[in-house]
Amino acid sequence: MKQSITKWLTLAIFLLSLTPGWAQTTLQKASPTSKPLPGPDEQFGKLFETVQLKSVFPDSKTFADCTPKFPVATILANYETARQRSDFNLNTFVMQHFALPIKPASGYTSQAGQSAQQHLVDLWPILTRPATAHAKADAPTGSLIPLPNPYVVPGGRFGEIYYWDSYFTMQGLKASGKTPLIRNMVDNFAYLIRTFGFIPNGNRTYFLGRSQPPFFSLMVNLLTEVQGRRVLLTYLPQLQQEYDFWMDGKDQLTAQQPTHRRVVRLAENVYLNRYYDDKQTPRPESYREDVLLARRAKDPQRLYQHIRAGAESGWDFSSRWFRDGKNLKTIHTMDFIPVDLNALLVNLEQTLADGYRLKGDQVQSKTYAKLAQQRRDALLRYCWNAKRAFFFDYDFVAKKPSAVYSLAAVYPLFSRIATASQAVAVARKLEESFLKPGGLTTTLVRTGEQWDAPNGWAPLQWLAIQGLRNYNQIPLATKVKTNWVNENLRVYKASGKMVEKYDVVNTAAAKGGEYPNQDGFGWTNGVLLKLLTER
């Protein structure tokens, strides 16, 4: 009875605190059990759909990030009246009723003769956003979810914090001695976990159906490197909450019902995880692209969910997730046990074991140490292919490994869960096939998607370099570092910018994906600054 009353009180608080705009303004009162905040597609319905499908803005994300100038009900009423008139102009209506988002760091270039390292240091304040004040109850708000502390955004079209990006940004912040900002960002993620029960893809209401690769435990561990190991105790409750989010439904799985949300039962007492999204609708930030892709799909809702799961992976998009290895329309992300996700969850389990040990709870510590070992054993069993001597995602529906070679294979090295012989084999394949003049290519196939060849990405270079170092593959690690750093510096010298991704094969401007290459750029800056300042 008490639990029921608490549930209804939580719902009442949520309903009373809704603003006329897109987001709830009293997030401090929200809880993981409250109804998710509505996104702009849910708030504006047919108007949102019309604006996106008629391409009022070239980039679908623009309208998703706009801030309404008036209450939602007023805008919808005005729209119903205005669209009946013969002289109605949709573009004009949108500009009259919505404020455009500000693009961080767009147009910013370095000063003449400025070194790349100094440019990176100077970019931190450009990319840093202040703590967001909660809007007044009667003030329209956009899709941005307020955060209590300053944070660093990627740049370009990305004016919000992103989950896994931030770990790599923090590497550069650490190299810059900006420990308080790292702490602020970790505190923001802890706040999001307390508020929603997990860390969303980014602090936008339209991201509340999905998370991203779970780097929170690695962020906390990074913070302990400068503030001491006992910092773990501060974030232990949120580390546990994140783990509970990824493992939600584990106890109800059976041989007949082997999946629930993000957890998969592969055999008795063998559980691994997958990427997932609770929603089965087009992504608001890529609305038109998703709708057009789904027009000929047999099951559009299922396709949308696979697309969203691909977005949760951070690899949006890649041949990793394609049934035919070529075309986005064959995406089936939720059918895979991903190498990277499960390697990261080993780290989370190990961090929980360490945290409970520091707390003095030996029972919980041993429990999570055992879970980490079980996951490691399962990952090596299902994702290591002895014949091809490489790590692959495992298609648990087809009961076979993926055929796609990808840099996800470096995660077991980064997390120190590969055997010594496996690490040697992975290193050999990286050198033979992935290493290019500008660094490591993401996959070995060209599909036109941004997470395929010929593109290289800062986070994967960092994970590969560190993973190779963990297994004493120093010459190759150094070669990857040298090629990547030189490519970053070449582009910087030519353009005065750091960008989101690089064409490491042709050492030309990277292409592919749903939007143009972005400048800024958070994780590129973080990784490069860390590599430039290594001793």
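An open sheet of three strands runs in the order β8-β11-β12, with antiparallel pairing. β8 (336–337) and β12 (400–401) stand at its edges with a single partner strand each, so one side of each has no neighbour in the sheet. Please keep in mind that this is a predicted model.

- Strand β11 (residues 394–395) and β12 run antiparallel and are joined by two bridges.

- Is strand β6 (residues 263–267) largely enclosed or left open, and why? Four of its five residues are buried, so β6 is largely enclosed by the rest of the structure.
- Strand β5 (residues 259–260) is joined to β6 by two bridges, and these strands run antiparallel. T259 has V264 in β6 as its bridge partner.
- A hairpin is formed by β5 and β6, with two residues between them. In that turn, R261 has a positive phi of about 50 degrees.
- β6 also pairs with strand β7 (residues 270–273), in the antiparallel sense and over four bridges. Here R265 stands opposite Y271 in β7.
- β6 and β7 form a hairpin too, again with two residues between them. The turn residue to look for is N269, with a positive phi of about 65 degrees.

**Helix α2 against α5**

- Two packed helices are described by the angle between their axes and the distance between the axes.
- For helix α2 (residues 40–53) and helix α5 (residues 90–97), the axes come within 11 Å and cross at roughly 120 degrees. That angle makes α2 oblique to α5.
- The crossing of α2 and α5 is left-handed.
- On the α2 side, L47, T50 and V51 meet L90, F93 and V94 of α5. By class, this contact of α2 with α5 has five nonpolar residues, one polar and no charged ones.

**Helix α2 against α11**

- The axes of α2 and helix α11 (residues 287–294) come within 8 Å and cross at roughly 80 degrees. This makes α2 roughly perpendicular to α11.
- F48, E49, Q52 and L53 of α2 make the contact with Y287, R288 and V291 of α11.
- By class, the contact of α2 with α11 has four nonpolar, one polar and two charged residues.

Terms used
Residues numbered from 1 in each chain as written. Predicted model: local features only at pLDDT ≥ 70, side-chain atom pairs only at ≥ 80, totals over all residues. Heavy atoms only, no water. Axes fitted to C-alpha atoms, helices over the stretch in contact; angles between N-to-C directions. Parallel < 35°, antiparallel > 145°, perpendicular 65-115°, else oblique. Left-handed = near helix turned anticlockwise from the far one by under 90°. Contact = heavy atoms within 4.5 Å. Nonpolar A, V, L, I, M, F, W, Y, C, P; charged D, E, K, R; others polar. Pairing = 2+ DSSP bridges. Buried < 20%, exposed > 50% of the residue type's maximum accessible area, 1.4 Å probe, protein only.
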